Structure formats: structure tokens, C-alpha cells
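Try each task before you read its solution.

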Amino acid sequence: MTEGRAIDWEARYHDGATAWERPGLHPSFVDWLETGALAPCRILVPGGGRSSEPLALAEAGFDVTVVDLAESAVAAQRARLERLQVAARVELANLLTWDAPAPFDAIYDQACLCALPPATWPGYVQRLHRWLRPGGRLFALFMQTGSAGGPPFDCGLPAMRSLFPDPPWQWPATLGNPVPHPSGRIEQPVILYARS
Ligand SMILES: C[S@@+](CC[C@H](N)C(=O)[O-])C[C@H]1O[C@@H](n2cnc3c(N)ncnc32)[C@H](O)[C@@H]1O
């Protein structure tokens, strides 16, 4: 898939071409929950797909909003939450045009940025900043592919430092260890603070 062509996410779900899906919760997500880095708050999960993190967040007491443009993923996410009688909002929308009704304390981006064509990244990052309250945090998992094309598009660290400059994004002094992805790639977990 090249950057300039539309990406049909619904077709990928329909065809079972979902190599990004993990069998369980993301290890960095579990770590952030266990250490309290992620503590109950109003949180957005952009491009949440069918991942199980929104359910885990809602069960842990977070006020969760999921946004995704794939109808079947939104339906699956809603059905799971309803079946388990867990409250969360799941919106069918394009993140590149959607706007948050109120600021979030946190955003959990798991394989969403890398799913978007890089030409859209600057606009998406502006939106991320706008959706967060001042001092809010972006929990990002930067997919490292080391190759051209996508999705997933390579979220190499030099490019990410340019895309999320300080200000308005405050980077940690040291980065956590990269985490293997079942696809054979690795993801770099990073928590970024949104300065006002
Ligand atoms: C690589 S998948 C990751 C899904 C999920 N976060 C996970 O880890 O399983 C990317 C997700 O982003 C969604 N997506 C891609 N572009 C989008 C856009 N412009 N607006 C909303 N959702 C989008 C896709 O439908 C898909 O569910």
C-alpha cells in the first residue's frame, strides 16, 4: 500500500487481514496501568479497532471514548462492551475530521498513528494536542518498521521527535524499552505531555 492511496480498513477486517491485532493486552499498557502512569481519567482511544484495551480501561474506572472509521470494528467494540455491561462511548468517525466534545486527560494511541498516511500526520498531531487538556498526556506506541511504505508506516524516533516537537510536547528524559509486536516489528512506548 502506498501513501497516496486510500486505505480500506473495513476490507481488512472483512478479509481477516489484521496482523496488527494482539492476542491480549499490550504489555506497555499493562505496565502503565500497574505503575499508575495510567490512572482513571477521561481517555480517548483513537483508531481503537477491536482491541481489548478500551474494555480494560472502562473496567478499571476510566471514562472511555473510542473513535474508529471501520463499521465492523465499531460494531464489535460496542457489542463487547454491551455484552459485558461496561459503559464506554464508541464513535464511528474519521479522526481527521472528528472533534472532541470536551478535552481529554489522556489519549492512548495503539497502532493508530502508524495506520494513518504520513502526509496526514501533522494535522493528526495538531488534533491530538487540541483534544488534550493542558498537561494531558499522550500514551503512544511508535511502530518501528524501518522500511518505506505501509501501513504500518514507520514511526522512527527522529521523525517522531520532529513531528512532536518540544514545545508543545514534552518528552521524557529517557525512553522505556521497545516492545516486540507479534508481526515481528517493535513498538517504542513513549508518554508525551501536552504543554499549553
Ligand atoms: C492498525 S489498526 C489498530 C487497531 C487497534 N488500535 C489495535 O491495536 O488493534 C488501525 C485502526 O485505525 C482505524 N483508522 C484508520 N484510519 C482512521 C481514521 N482516519 N479515522 C478513524 N479511524 C481510523 C482503522 O479502522 C483501524 O481500526
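The exercises cover the ligand site, then aromatic rings, then charges over rings.

The model is predicted: local features need pLDDT of at least 70, side-chain atom pairs count only at pLDDT 80 or more, and totals for chains, interfaces and linings use all residues. Residues are numbered from 1 along each chain as its sequence is written, and side-chain values use heavy atoms, with hydrogens and water left out.

**Exercise 1.** Find which residues come nearest to the ligand, and list polar contacts to the ligand (N or O atoms within 3.5 Å).

Solution. 
- Step 1. Check side chains. Y13 places a side-chain N or O atom 2.6 Å from a ligand oxygen. D68 has a polar side-chain atom 2.6 Å from an oxygen of the ligand.
- Step 2. A backbone N or O atom of L69 is 3.2 Å from a ligand nitrogen.
- Step 3. Look at cover. On its own the ligand has 590 Å² of accessible area (Shrake-Rupley method, 1.4 Å probe), and the protein covers 96% of that area.

**Exercise 2.** Count the aromatic pairs, then describe the pair Y124 and W131.

Solution. 
- Step 1. Apply the rule: rings of Phe, Tyr and Trp (its six-membered ring) pair if their centres lie within 6.5 Å; planes under 30 degrees apart are stacked, over 60 edge-to-face, the rest tilted. The count is 11 aromatic pairs.
- Step 2. Y124 and W131 are edge-to-face, 6.3 Å centre to centre with 75° between the planes.
- Step 3. Find the cluster. Ring pairs link F29, W32, Y108 and F139.

**Exercise 3.** Which rings have R42 and R161 over them?

Solution. 
- Step 1. R42 lies over the face of F104, 4.1 Å from the ring centre.
- Step 2. The charged end of R161 sits over the ring of W171, 4.3 Å from its centre.

Technical notes:
Lys NZ or Arg CZ within 6 Å of the ring centre and 35° of its normal. Near = heavy atom within 4 Å. Polar contact = N/O pair within 3.5 Å; in protein donor to acceptor, adjacent residues only side chain to side chain.
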